[in-house]
Amino acid sequence: MSTTGTGGVARSALSAAGSAPQAPSLLALDAVDAYYDRSHVLQSLSMTVESGAVVALLGRNGAGKTTTLKTVMGIVPVRGGALRFDGADITGLATHRIARLGIAYVPEDRGVFASLTVQEHLTLANVRGGWPIGRVYEAFPRLAERRDHRGTQLSGGEQQMLSIARALTLAPRLLILDEPTEGLAPVIVEEIAAIAERLKAQGLTMLLVEQNYPFAARIADRVYVLGKGRIRWKGAPEDLDANEEVKHTWLGI
Ligand SMILES: Nc1ncnc2c1ncn2[C@@H]1O[C@H](COP(=O)(O)OP(=O)(O)O)[C@@H](O)[C@H]1O
Ligand SMILES: [Mg+2]
């Protein structure tokens, strides 16, 4: 399976065509509805992530960002609309099958095991085509230093790095990050931003949920603003930056 090369190809196609609508969507949500019991949380939500692009999903607490990601991963069921990945209908697929298609999910709580060492986390997950451990340690020198430390001995920033690094060992075609900077000190946020920029430069497709607006604006090619379960705005980060009304109403800035 050739996964690492496709991002680069799609990237040049994208830049050649500017913002052409025919840019290939790696992931598409088409009028997706999702519920918790009778609570209608996602309402006809449509969005796309093009191959090689970084797309940010922004919104206040409770807007439905995590639910959107869980819907993509098949953790929360799609009750209306459809999900497509690389042109194939993945609506209703089990989470493990979605993951096996090449969608790696770094959840809000980071999913680091208390009793496993850094090295154990990385070797457990490693699959063919994924980043070998040496490459992970080159990209994340802090993890190399901490390779024998257990989950509980890691700082929040180190746990976040481990969670991202583990996802990279899975050879993702799409990396999904839920609030990677949440609760981290500015200097660590800067490290995570630099890592995300390097991954982007390598052509990795990413869907990023954030409440840290400057971080998202720095990394993202395109932004969706989610409010009360609906997409309220979409466009380029610089256009959002100039839109005080959307920022005020839907992001609280
Ligand atoms: N497991 C759940 N059961 C019931 N309601 C939930 C559950 N998870 C989230 N919600 C509700 O769904 C809405 C969207 O939540 P969420 O997707 O976590 O928002 P965000 O990630 O944008 O903060 C909120 O009103 C939240 O209270
Ligand atoms: Mg959330």
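Trainee: Which residues of H7 are buried?
Mentor: This is a predicted model. A residue is buried if 20 or more other C-beta atoms lie within 10 Å of its own. In H7, the residues that pass are Glu158, Gln160, Met161, Leu162, Ser163, Ile164, Ala165, Arg166, Ala167 and Leu168.

Trainee: What do the buried residues of H7 pack against?
Mentor: Both strands and helices take part. The strands are S6 (103-106) and S7 (174-178). The helices are H4 (118-125), H5 (133-139), H6 (141-145) and H8 (186-201).

Trainee: What is the radius of gyration of the protein?
Mentor: The protein has 11 helices and 10 strands. For 253 residues the globule rule gives 18 Å, and the protein comes close to that, so it is as compact as a globular protein of that length. Its radius of gyration is 18 Å.

Trainee: Which element gives the largest share of the shell around ligand 1?
Mentor: The shell divides into 3 nonpolar, 7 polar and 1 charged residues. Two elements give two or more residues: strand S2 (39-50) and helix H2 (65-72). The largest share is 3 residues, and it comes from H2.

Methods:
Residues numbered from 1 in each chain as written. Chains lettered and ligands numbered in written order. Predicted model: local features only at pLDDT ≥ 70, side-chain atom pairs only at ≥ 80, totals over all residues. Helix = DSSP H or I, 4+ residues; strand = E, 2+ residues; numbered from the N terminus. Rg over C-alpha atoms; globule rule 2.2 N^0.38 Å. Nonpolar A, V, L, I, M, F, W, Y, C, P; charged D, E, K, R; others polar. Buried ≥ 20, exposed ≤ 12 C-beta atoms within 10 Å, placed from the backbone. Contact = placed C-beta atoms within 7 Å.
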